[in-house]
Amino acid sequence: MALMDKTLLNIVFDGADEVYARAEAGINEAIAKYGEEKAVAFPGTAYSIPIYYGFTGTKVSTLGELKEALAVAKTHMTRDKRLHNGFHAGIASAMCAEFCELLKYLDGGAPYGAEVEGSDDICYGFLDDAKIRELGVPLVTQDIPGVAVIIGKAPTVQAACDLVKSYQSQGILVTLTGDICDQLKEGGYKTSFATRVIPLGKEMQTVAHVVSVAVRTALIFGNISAGDWDGMCAYNMARLFAFVNAYTPLTEEIVSYGAGAIAMGFPVITNEEGFYRVPKSLIVQPDIEKWNATSLDARNIKIKITNIDIPVAFASAFEGEIIRKGDMQVEFDGSRVDCCELVQMKEPSEVEDHNIEVIGQDLDDWAPGEKHQIVYVVEVAGKNMQADFEPVFERKFHSYVNCIEGIMHTGQRDMIRVRISKDAYAAGFRLKHIGEVLYAQIKNEFEAVVDKCAVKIYTDPETCTKMRHEVAIPTFDKRDERLASMTDEAVDVYYSCIMCQAFSPSHVCVVTPERLGLCGAVSWFDAKATNELDPAGPCQKITKERVIDERIGEYEDVNEAVRQFSQGALEDVSLYSIMEKPMTSCGCFECICGIEPFSNGVCIANREYTGGTPLGMTFSELASMTGGGVQTPGFMGHGKHFISSKKFMKAEGGVGRIVWLPKDLKEQVRENLNKTAKDLYDIDNFCDMIGDETITTDPEELVAFLTEKGHPALTMDPMM
Ligand code: SF4
C-alpha cells in the first residue's frame with residue numbers, strides 16, 4: 001500500500017512494527033548464538049541502554065533482559081488511534097532501533113570506524129557519555145544553538161554539502177543518518193565530532209544514537225529521573241533545540257522515528273510533497289534551500305550573527321578542526337620559535353580603533369609548509385577597562401582563532417601554535433584576517449568595557465624575539481604574581497554562576513579565587529568580568545561577611561545567594577567540603593572526585609580518561625552518581641585546576657586526601673600539586689605517592705602502594 005493511502009497514525013504504527021520485528025529477530029538470533037546470560041552494553045556509558053533506561057528506568061545488562069525490554073517496548077505499540085499512542089509508538093520504535101544497534105556491539109563488536117585508525121568508515125554510531133558531557137558548556141553558552149538531525153539522501157551531493165555547511169556555519173551541531181553520510185564523503189566534506197558534523201550511520205535505525213544523546217542530556221544535565229517519561233519529553237522540548245530534516249522518500253520506519261522526535265519536541269521538516277502536515281511539528285517544505293530558515297523558525301532558534309570581513313567561515317563548529325601537516329600553508333610554533341599573543345590596556349589616545357597592522361612578511365612571502373614566527377598584540381582602551389581583564393580576553397583568543405574555518409590554534413601566551421591551511425590561503429585568507437577576527441570578537445563580546453581596539457601582528461623574527469622576551473614574558477610574570485596572591489581570604493566578594501541553568505535548572509556554581517567553576521572555564525576573574533560586562537547576567541556578586549563555619553567554608557551570604565539563584569532548590573552549601581553540604585554539580589565538570597573507603601582518601605577521574613578506577617567505576621559511571629544540580633555527599637564535580645588548590649577538600653584535610661589520579665591528569669597537575677602539598681604538609685614530590693592506572697586500579701593493591709609510600713591519607717581522620 002502506498003504511504004499516502006494510510007492514515008498518519010497507521011504509517012507510524014506500521015513503521016514501529018517493522019523496527020520491532022527487526023529487533024525481535026536480531027535478539028532471538030543473538031540468544032540462539034550466545035545464550036540469555038550474554039552481557040550486552042554500549043561502550044562508555046553509565047546509562048545502560050540509554051533510550052530504554054531513560055524512558056523506563058530499567059537497566060538492561062544481558063540478552064535475556066533485552067528480550068524482556070523488547071516486550072516492554074511492545075506494550076507502547078498499541079495501535080490505538082489516538083495521538084498519544086502515536087507518540088508512544090514513535091518512542092518505542094526508537095527503543096527498538098536502539099536494541100538493533102546494541103546487538104552490533106555484542107561480544108566486543110566495534111561496528112563503526114570513525115575513530116578507528118586507518119578505517120575509511122566516517123560513521124560514529126553510539127556516542128559515549130564523555131562526548132555528551134563535552135557538549136555541555138557549548139550547549140549552555142549557546143555556542144551550539146541547536147541540533148540538526150538530517151536523515152536520508154539529498155537530491156545531489158552539492159545540496160547535501162550546502163545544507164550541512166549552512167548549519168555548521170551557524171554553530172549548529174549536525175548529525176547525519178542514511179545515504180547523506182556517503183554523499184558528504186563523496187563531496188569531500190570534512191566530518192568529525194570535533195567539528196560538530198557527525199555521521200551516525202547509513203541505516204535509518206542509527207538515528208537512535210542522536211535520540212540517545214537527547215535522553216542522556218536530560219539525565220546528565222537536567223536531573224530528570226530515569227523512567228519519568230513525561231519529564232523526559234518536557235525537558236527536551238524546553239531545553240534541547242533539536243529538529244529533524246528528512247529527505248523524500250519517507251518510509252514507515254522514518255515516519256515512526258519522526259513521531260518519537262515530535263513527542264520529544266523536535267519538529268520534522270521534509271520535502272515529501274503532499275505529505276501530512278501538523279502545525280509546528282510536521283512541516284512540508286519542498287524547497288530544501290529553505291530548510292535552514294524553516295527549521296530555525298520552527299524551533300525558534302536565534303542565531304547570533306557575527307559579520308567579520310574574512311574570506312572563510314567563522315563559527316564555533318570549526319573550533320575542533322584539525323589541520324594536518326600536509327594540509328598546512330604555514331605554521332607558527334611557539335615551542336620552537338618566538339611567538340606569543342598578548343592583550344595590552346592602553347590610554348584611549350594611544351589606540352586608533354580598528355587599526356589592523358601587519359608588520360613584516362605575510363603568507364604570500366613564504367613557501368607552502370614553512371614555519372615562521374608570529375606575535376599579535378591586541379591593544380584595548382575604554383573608561384571601564386581594567387588591567388585584570390587582559391588575561392580574561394587573552395584566554396578567549398584560543399576559541400576566536402580556532403573558530404576560523406581552516407585555522408587551528410593551540411596553547412596560550414608564548415606557547416601558541418597556529419596553523420593556516422592551504423584551503424584557507426587559497427580562499428584569500430591572510431594575516432590581517434586574524435586581526436579582523438580578534439578585533440570583531442573583542443568588540444562584540446566586551447563592548448561594555450572596550451571602546452577602542454587595535455591589533456598589531458609582527459612576523460619579523462627579531463621583533464618577535466624582542467616582543468616575546470622584553471614585553472610579553474615580563475607581563476605574564478607580573479600577572480602570575482598577582483594571581484598567586486589571590487586567595488579567597490584576600491577578596492571581599494565571590495561570584496555566582498548560573499550559566500548552566502539552561503540545562504541544569506537548579507545548579508549554581510560559587511566561584512572564588514581558589515575555586516574556579518567546575519567546568520574549568522570560569523575563574524574568579526572571568527566571573528568578575530562577566531558581572532561587570534552584564535550586571536544583570538549569570539554572574540552575581542556574593543558578599544562573604546556572615547561566616548557560619550570557616551572550617552567547611554559556609555557563609556550565610558552564600559547560602560542566601562544559592563537559595564535565591566536555585567529558586568529554593570538548594571538550601572545551603574559549603575565551599576571546602578565534599579562530605580558536608582558539598583557544592584552541586586551540573587554535568588559538564590572536567591573531573592569527578594569520589595571517596596575511596598579502603599584508603600580513607602579520594603580518587604579523581606577526568607573526562608578524557610576512559611579506563612577503570614579503584615572505585616570500580618569509570619568516569620562516566622562516577623559522573624552519573626552526581627549532576628543535574630543536586631548535592632551528593634562523597635562525590636563532587638570540579639575543574640582540573642581545583643585539584644592543586646589549597647582549598648580542595650580543605651574541610652577533610654586538603655589535597656593529602658588524593659590517593660589516585662589517571663596518569664595523564666597527574667602529569668598535568670604535578671607541578672602545582674607538589675607545590676601545594678609541600679606548602680601544606682612539607683611533603684616533597686607528593687604526586688609520586690599517588691596511585692594511577694599504571695600502578696593499579698585495585699583498591700587493596702592501592703592501599704599496599706600507599707602504605708609503602710607513606711601516603712598522608714592513611715593517617716588522617718576517618719572520612720566516614
Ligand atoms: S562556572 Fe559553573 S555554572 Fe558557570 S558555566 Fe561553568 S559549570 Fe556552568
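Reader: Which residues of H1 are buried?
Author: In this predicted model, helix H1 covers residues 8–34. A residue counts as buried if 20 or more other C-beta atoms lie within 10 Å of its own. The residues of H1 that are buried are Ile11, Val12, Phe13, Gly15, Ala16, Val19, Tyr20, Ala23, Gly26, Ile27 and Ala30.

Reader: What covers the buried residues of H1?
Author: The buried residues of H1 include Ile11, Val19 and Ala30. The elements that cover the buried residues of H1 include H3, H4 and H11.

Reader: How are H1 and H11 oriented to each other?
Author: The axes of H1 and H11 (residues 252–263) come within 7 Å and cross at roughly 105 degrees. Angles of 65 to 115 degrees count as roughly perpendicular. H1 is therefore, relative to H11, roughly perpendicular.

Reader: How many charged residues are in the contact of H1 with H11?
Author: H1 contributes Ile11, Val12, Asp14, Gly15, Ala16, Glu18 and Val19, and H11 contributes Glu252, Glu253, Val255, Ser256 and Ala259. By class, six of these are nonpolar and two are polar, and the number of charged residues is four.

Reader: What span from first to last C-alpha does H1 reach?
Author: H1 has 27 residues, and at 1.5 Å a residue a span of 39 Å is expected. Just after H1, glycine 35 takes a positive phi of about 90 degrees. The span that H1 reaches, close to the expected one, is 39 Å.

Reader: How do H3 and H4 run relative to each other, and what is the handedness of their crossing?
Author: Helix H3 (residues 63–75) and helix H4 (residues 83–104) pack with their axes 9 Å apart, at an angle of about 160 degrees. Because angles over 145 degrees count as roughly antiparallel, H3 is roughly antiparallel to H4. The crossing of H3 and H4 is left-handed.

Reader: How many residues of H9 are buried?
Author: Helix H9 consists of the 13 residues 208–220, which should span 18 Å at 1.5 Å a residue, in agreement with the 18 Å between its end C-alpha atoms. H9 is mostly covered, and its buried residues number 13 of 13.

Reader: How many polar residues are in the contact of H9 with H10?
Author: The axes of H9 and H10 (residues 229–239) come within 10 Å and cross at roughly 100 degrees, and the two helices are therefore roughly perpendicular. Ala214, Val215 and Ala218 of H9 meet Met232, Tyr235 and Asn236 of H10. Five residues of this contact are nonpolar and none is charged, while the number of polar residues is one.

Reader: Which residues does glutamate 693 touch, not counting residues up to four places away in sequence?
Author: Glutamate 693 lies in the loop between H20 and H21. With 18 other C-beta atoms within 10 Å, glutamate 693 is partly exposed. Not counting residues up to four places away in sequence, glutamate 693 touches Gly611, Pro662 and Lys663.

Notes: Residues numbered from 1 in each chain as written. Predicted model: local features only at pLDDT ≥ 70, side-chain atom pairs only at ≥ 80, totals over all residues. Helix = DSSP H or I, 4+ residues; strand = E, 2+ residues; numbered from the N terminus. Expected span 1.5 Å × (residues − 1). Buried ≥ 20, exposed ≤ 12 C-beta atoms within 10 Å, placed from the backbone. Axes fitted to C-alpha atoms, helices over the stretch in contact; angles between N-to-C directions. Parallel < 35°, antiparallel > 145°, perpendicular 65-115°, else oblique. Left-handed = near helix turned anticlockwise from the far one by under 90°. Contact = placed C-beta atoms within 7 Å. Nonpolar A, V, L, I, M, F, W, Y, C, P; charged D, E, K, R; others polar.
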